[in-house]
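Keep the structure open as you read.

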Amino acid sequence: MALELIPALDLLRGQVVRLIQGDPQRRIVYPIDPVDQALRWAEEGARWLHIVYLDGAFGVGETSLAGIARIVREAPLAVQMGGGLRTLEDLARAFDLGIQRAVVGTMAVRDPAAFEAALARFGPDRLALAVEVREGRLAVAGWQEMAGDPQAFAQEWASRGVRWILYTNVLRDGTLSGPDLEGAARLAQTGGVRVLLSGGIGSLAHIEEIRKEAFPGLAGAILGRALLEGRFTLKEALACMRGHERSEHASSELSSSG
């Protein structure tokens, strides 16, 4: 079965943005409508959409919530959302918007009792643990603070019932330099979890690498900046992941990369 490829929209004050290595000062703004973009990806074959709610992550208001609500209403996609979901009330409000899965990181570090209560209340299939790593250490609070060993963190929460992990190598995020498959594979050794890989995917060659090097426990990958900048289309990425005949654009790009 082909791995899931999930396009991503990062929203800050209502705009679609990408942060390089999680740095709010290194921000690319894309002049696109998030609903139109979500609909386009749905037409190309997406089943899920990953939304990063940066307003919540950085505590700068709630401007993007209206756009998220529109996406949920108008796009035929299951929505996974992370960013600033740090209390049970935050999670309840996100699910009230209609999202299917919430990504939680800081809460699991700072208030583990609340995250354990969330697992019991909402169920482990509706929550993903964010394991975001900078230079071997767990990064939390919008990737601005360091908080210990990521492997131990993942193992502890797997033992408490977590089934989904979103793994991000912060230093690769937004750089297009390639995914950290090795780091994701280490986390996938944690029993009973499914890992989504995020950060660094910049070419169809990287998609091919993920397909060829896929390991037990890897469930899929998040695609962000490369799609927004037209380095390949989601349709091409899905065909590449399935190992199907690639388009002339895809085949040419893979040849030039190698």
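Arg101 lies over the face of Trp48, 4.2 Å from the ring centre. The model is a predicted one.

Phe95 and Phe122 form a tilted pair, with 4.8 Å centre to centre and 45° between the planes. This pair links distant parts of the chain. Phe95 belongs to helix α4 (residues 88-97) and Phe122 to helix α6 (residues 112-122), 27 residues apart. Both Phe95 and Phe122 are buried.

Phe115 and Trp157 also pair. Their ring centres are 4.8 Å apart and their planes stand at 70°, so the pair is edge-to-face; the cut-off for that class is over 60 degrees. Here, too, distant parts of the chain are linked: Phe115 is in helix α6 and Trp157 in helix α7 (residues 150-159), 42 residues apart. Phe115 and Trp157 are both buried.

Leaving aside residues up to four places away in sequence, Phe115 touches Val104, Met107, Ala108, Leu127, Leu129, Trp157 and Val162. In soluble globular proteins, nonpolar side chains tend to be buried together. The largest nonpolar core here has 75 residues. Those with the most contacts inside this core are Leu91, Phe115, Leu127, Val131 and Ile207. Apart from it lies another core, of 12 residues, including Ala8, Trp48, Ala78 and Ile222. That brings us back to Trp48, the ring under Arg101.

Technical notes
Residues numbered from 1 in each chain as written. Predicted model: local features only at pLDDT ≥ 70, side-chain atom pairs only at ≥ 80, totals over all residues. Heavy atoms only, no water. Core = buried A, V, L, I, M, F, W, Y, C linked by side-chain atoms within 4.5 Å. Buried < 20%, exposed > 50% of the residue type's maximum accessible area, 1.4 Å probe, protein only. Contact = heavy atoms within 4.5 Å. Phe/Tyr/Trp six-rings, centres within 6.5 Å; stacked < 30°, edge-to-face > 60°. Helix = DSSP H or I, 4+ residues; strand = E, 2+ residues; numbered from the N terminus. Lys NZ or Arg CZ within 6 Å of the ring centre and 35° of its normal.
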